[in-house]
Amino acid sequence: MLKELWEHHSQKLYTFATMVLNNETARKTAELLLQINAIKLNVQEPFTWASGWKSPIYCDNRVILSYPAIRNYMREHLAKAVEDLYGKPDVIAGVATGAIGIGMLVADYLNLPFIYVRPEAKKHGRQNQIEGHLESGQQVVVIEDLISTGKSSLNAVTALKEAQVNVKGMLAIFSYGFDTATTNFEDAGVDLKTLSNYEHLIKEAQSSNYVSTAHTETLKNWRKNPSTWEPNK
C-alpha cells in the first residue's frame with residue numbers, strides 16, 4: 001500500500017515538474033512578466049481574487065499585448081510548442097477573455113483559423129459559446145493565458161468536446177502550479193504545458209532582488225494553502 005501511495009505521489013511530482021516546456025523558457029518568461037509588471041507581488045497588502053482568496057500575487061497577462069517585443073516572444077514560443085508537441089492542428093482556440101489576444105497571435109503566426117470559447121453561451125443572438133467557424137472532427141489546440149485551479153480552462157475544453165472536435169492539448173503562459181489544477185487536468189485527460197510557473201517566478205523574483213528572502217518564504221507558504229492563507233500568518 002505504501003509503495004502504491006509513493007508511486008502515485010512520485011507520478012504527480014513528475015507530471016508537475018515537467019509541466020513547463022523547458023527551464024530556460026520558464027526563467028525568461030518569468031523575467032519578462034516581472035519586467036512589465038504583468039505579475040504583481042505584494043506581500044504586505046495582498047490582493048483579493050474573485051474567489052475571495054487573499055493572495056500576495058496577482059497575474060494579468062493581458063498586459064503582454066501592450067509590449068510588441070514581449071508579445072512576439074510569447075507568440076513564437078507558444079506557436080513553436082504547438083507544432084513540436086501536437087503537430088499542426090486545424091484550429092487554434094483561445095479561452096475568453098484573457099487568452100483571446102494571445103491565442104489570435106499564435107493562430108496568425110501559424111497561419112491557422114482561430115476561434116474562442118466563452119465561459120458560457122450568450123443569452124442573446126445566436127447564443128454561441130464557441131465563436132468562429134469550427135467543424136466536427138477537427139484537431140484543436142487550446143491557448144490559455146493563466147492557469148489557477150484549471151476549472152475555467154477545462155470548461156472551455158468541455159465545450160469544444162461537445163462540439164465533437166479533438167482537443168490535442170492546452171498551452172498556457174503561466175501556472176500557479178496548484179495541486180488541484182494538476183489533479184483536474186489529469187482527471188480530464190487533458191495535456192497541459194506552460195511557458196512558466198510559480199516556482200520559476202519566485203526564483204527569478206528573488207535572484208533579481210524583486211522580493212526579499214523573507215517575502216519569498218511568505219510567497220512559498222501562500223502557495224501551500226492559498227484558500228485559507230491570511231497575511232502576517
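**Cavity, pocket and annotated residues in the predicted model**

By class, the residues that line the largest cavity comprise four nonpolar, two polar and two charged residues. The model in which this cavity is found is a predicted one, and the count by the rule applied comes to one cavity of 30 Å³ or more. The volume of the largest cavity is about 30 Å³, and its lining is made up of Asn61, Arg62, Ile64, Leu65, Gly98, Ile102, Asp145 and Ile173.

The largest pocket has a volume of about 650 Å³. Its lining consists of 30 residues, and those that lie nearest the centre of the pocket are Ala50, Asp145, Leu146, Ser148 and Ser152. Strands E4 and E8 and helix H5 each contribute at least two residues to this lining, with the largest share, five residues, coming from H5. When the lining of the largest pocket is divided by class, 13 residues are nonpolar, eleven are polar and six are charged.

The UniProt record, an unreviewed entry, carries the annotation "binding site" for Arg118, Lys122, His124, Glu144, Asp145, Leu146, Ile147, Ser148, Thr149, Gly150, Lys151 and Ser152. These residues span 35 positions in sequence, and the farthest two of their C-alpha atoms are 29.5 Å apart, so they do not all gather at one spot. From this annotated set, Asp145 is taken into the lining of the largest cavity.

Leu146 belongs to strand E8 and is partly exposed, with a relative accessible area of 21%; when residues up to four places away in sequence are not counted, Leu146 touches Cys59, Asn61, Ser153, Phe174 and Tyr176. Apart from neighbours within four places in sequence, Ser148 is in contact with Tyr176, Phe178 and Ala181.

Gly150 is likewise found in the loop between E8 and H5, but its relative accessibility is 3%, and Gly150 therefore counts as buried, given that the term applies under 20% relative accessible area. With neighbours within four places in sequence left aside, the contacts of Gly150 are with Ala181 and Phe185.

Glu135 is partly exposed, its relative accessible area being 42%, and its side chain is joined to that of His133 by a polar contact of 2.9 Å. Between Glu135 and Asn42 there is a separation of 93 residues in sequence and, from C-alpha to C-alpha, of 45 Å in space.

Thr29, which lies in helix H2, is buried, with a relative accessible area of 0%. The side chain of Thr29 reaches the backbone oxygen of Thr25 at 2.8 Å. Setting aside neighbours within four places in sequence, Thr29 is in contact with Tyr73, Met74, Ile173, Leu195 and Ser196; of these, Ile173 is also one of the residues that line the largest cavity.

Helix H2 is also among the elements against which helix H7 is packed. Within H7, which runs over residues 198–207, the buried residues are Tyr198, His200, Leu201, Ile202, Glu204 and Ala205. These buried residues of H7 pack against helix H2 (23–35) and helix H8 (213–224), as well as against strand E1 (39–41), strand E4 (57–59), strand E9 (166–175) and strand E10 (192–197). Just after H7, Asn209 adopts a positive phi of about 60 degrees.

Terms used: Residues numbered from 1 in each chain as written. Predicted model: local features only at pLDDT ≥ 70, side-chain atom pairs only at ≥ 80, totals over all residues. Heavy atoms only, no water. Buried < 20%, exposed > 50% of the residue type's maximum accessible area, 1.4 Å probe, protein only. Helix = DSSP H or I, 4+ residues; strand = E, 2+ residues; numbered from the N terminus. Contact = heavy atoms within 4.5 Å. 1 Å grid on protein atoms, 1.4 Å probe; cavity = no way out; pocket = protein on both sides within 12 Å on 5 of 7 lines; lining within 4 Å. Points joined across faces, edges and corners; volume = space filled by probe spheres on them. Nonpolar A, V, L, I, M, F, W, Y, C, P; charged D, E, K, R; others polar. Polar contact = N/O pair within 3.5 Å; in protein donor to acceptor, adjacent residues only side chain to side chain. UniProt positions renumbered as here; feature names shortened; annotations may be inferred.
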